[in-house]
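This report describes the fold, the nonpolar core and the strand pairing of a single protein chain. The sequence and the coordinates are shown first.

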Amino acid sequence: MTRVGEEQERLEILRQIVIDLEIQLDYDERVLGEIDSVLGRQPQMRLEDANVRLRGRHLEAIALQVLSEERGVGTEVHYREWFELLRERGHLVAGKAPLNTFLAQINRSSSVESVGKRTGRYRLAA
C-alpha cells in the first residue's frame with residue numbers, strides 16, 4: 001500500500017506541474033498577442049471590450065458564475081484551474097498577486113466548500 005500511496009502522490013505532483021505549465025503557456029500566449037498588437041501585427045482590443053479588474057464581492061459573484069457554468073455544482077476543481085477559467089473569459093483580478101486575491105475571496109465565500117485538507121480543491125456548495 002505504501003507504493004500505491006507514493007505513486008498517487010507523484011501523480012498529483014505531475015498533475016500540478018501540467019496545470020502550472022498550462023497557466024504559464026496561457027500567459028506567454030497572451031503576452032505574445034499583446035506584443036503583436038503593439039507592433040501592429042494584430043488588432044488591438046477595443047477599450048469598451050476590456051474588463052475591469054475584479055475584487056471583493058464582485059470577484060466572488062463572477063467566479064461563482066464561471067464555475068457554475070463551466071463545471072456545475074458539486075464538481076471539484078483546483079483553485080488554479082478555476083482562476084484560469086476566469087482568465088480565459090477575459091476577467092482580470094485586482095491586486096499585486098491576483099491569484100492570491102482570488103484564493104482569499106473564494107475562501108470567504110459561503111457558496112464554496114473546500115475539498116479535503118490543503119488540497120487546493122474546491123466545489124460549489126449544494
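Which residues touch the most other members in the largest nonpolar core? The core has 21 residues, and Y79, W82, L86, F102, I106 and Y122 are the ones that touch the most other members. A nonpolar core is here a set of buried Ala, Val, Leu, Ile, Met, Phe, Trp, Tyr and Cys residues joined through side-chain atoms within 4.5 Å. Buried stands for under 20% relative accessible area, exposed for over 50%, and partly exposed for values in between, with a 1.4 Å probe and protein chains only. Two or more residues each come from α2 (56–70), α3 (79–88), α4 (98–108) and β5 (121–124). The most are given by α2, with 6 residues.

The model is predicted, so to speak of local features requires pLDDT of at least 70 and side-chain atom pairs count only at pLDDT 80 or more, whereas totals for chains, interfaces and linings use all residues. Residues are numbered from 1 along each chain as its sequence is written, and side-chain values use heavy atoms, with hydrogens and water left out.

**Overall fold**

The protein has 4 helices and 5 strands, arranged along the sequence in the pattern α-β-α-β-α-β-α-β-β. These elements are DSSP runs numbered from the N terminus, with helices (H or I) of at least four residues and strands (E) of at least two. The C-alpha trace spans about 60 × 35 × 25 Å along its principal axes. Of the 126 residues in the protein, 29% are buried. Among contacts (heavy atoms within 4.5 Å) between residues at least 6 apart in sequence, 55% join residues at least 24 apart.

Axes are lines fitted to C-alpha atoms, for helices over the stretch in contact, and angles run from 0 to 180 degrees between N-to-C directions.

| Helix pair | Axes come within | Crossing angle |
|---|---|---|
| α2 and α3 | 10 Å | roughly 95 degrees |
| α2 and α4 | 9 Å | roughly 80 degrees |

The crossing angle of roughly 95 degrees makes α2 roughly perpendicular to α3. Angles under 35 degrees count as roughly parallel, over 145 as roughly antiparallel, 65 to 115 as roughly perpendicular and the rest as oblique. On the α2 side this contact is made by L59, I62, A63, L64, V66, L67 and E70, and on the α3 side by W82, L85 and L86. By class, the contact has 9 nonpolar, no polar and 1 charged residues. In this classification Ala, Val, Leu, Ile, Met, Phe, Trp, Tyr, Cys and Pro count as nonpolar, Asp, Glu, Lys and Arg as charged, and the others, Gly among them, as polar.

With axes that cross at roughly 80 degrees, α2 is also roughly perpendicular to α4. Here G56, R57, L59, E60 and A63 of α2 meet T101, F102, Q105 and I106 of α4. The contact of α2 with α4 has 4 nonpolar, 3 polar and 2 charged residues.

Y79, one of the core residues named above, touches L99, F102, L103, I106, G120 and Y122, when residues up to four places away in sequence are not counted.

**The sheet and its hairpin**

An open sheet of 3 strands has the order β2-β5-β4, with antiparallel pairing. Two strands pair if DSSP finds at least two bridges between them. The edge strands β2 (77–78) and β4 (112–115) each pair on one side only. The antiparallel pairing of β2 with β5 runs over 2 bridges, and that of β4 with β5 over 4 bridges. Y122 in β5 is the bridge partner of V77 and also of S114, while E113 stands opposite R123.

In a regular strand the side chains alternate between the two faces of the sheet. The covered face of β5 holds Y122 and L124, and the uncovered face holds R121 and R123.

The hairpin of β4 and β5 has 5 residues between the strands, and G116 takes a positive phi near 75 degrees there. Most residues other than glycine have a negative phi. R118, in the loop between β4 and β5, has a positive phi near 55 degrees although it is not a glycine. R118 is exposed, with a relative accessible area of 86%.
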